[in-house]
Amino acid sequence: MALGKSNKFPQTAVLKQILKRCSSLGKKQGYNDEEGLPVDVPKGHFAVYVGEKRSRFIVPISFLTHPEFQILLQRAEEEFGFDHDMGLTIPCEEVIFRSLTSMLS
């Protein structure tokens, strides 16, 4: 049982890092000063960058609870970390990302 608890902590830490990173983006141009969110991202969503061309996708926050999406987040952390200028970058081919997100919707 202790093993299950230790597995949940890293996921919680990763989600907190993501939310912290997303909230720090509000200081850049194109962001709402009041809420600190990108003006083109609806409430309850966040932007990610995917593939070699770093195509931007807007995804619902509910994706954060799906194990498949959490795997992508873990890979993003391993490959890119969360401290860079680009925003949350997912190391995945666009076609695979589109397929996964369509299944999660």
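The model is a predicted one, so local features need pLDDT of at least 70 and side-chain atom pairs count only at pLDDT 80 or more, while totals for chains, interfaces and linings use all residues. Residues are numbered from 1 along each chain as its sequence is written, and side-chain values use heavy atoms, with hydrogens and water left out.

The fold has 3 helices and 3 strands, running α-β-β-α-β-α along the sequence (DSSP runs numbered from the N terminus: helices are H or I, at least four residues; strands are E, at least two). Of the 105 residues, 33% are buried (under 20% relative accessible area; exposed is over 50%, partly exposed in between; 1.4 Å probe, protein chains only). Take contacts (heavy atoms within 4.5 Å) between residues at least 6 apart in sequence: 47% of them join residues at least 24 apart.

Now for helix H3, residues 94-104, where Phe-97, Leu-100, Thr-101 and Leu-104 are buried. Down the H3 axis these buried residues fall within an arc of 95°, so they line one face of the helix (the arc is that of the directions from the helix axis to the C-beta atoms). They pack against strands S1 (45-50), S2 (55-60) and S3 (89-90), plus helix H2 (67-80). The face turned away from that buried side carries exposed Val-95 and Met-103. Thr-101 has a relative accessible area of 12% and, leaving aside neighbours within four places in sequence, touches Val-59 and Phe-63.
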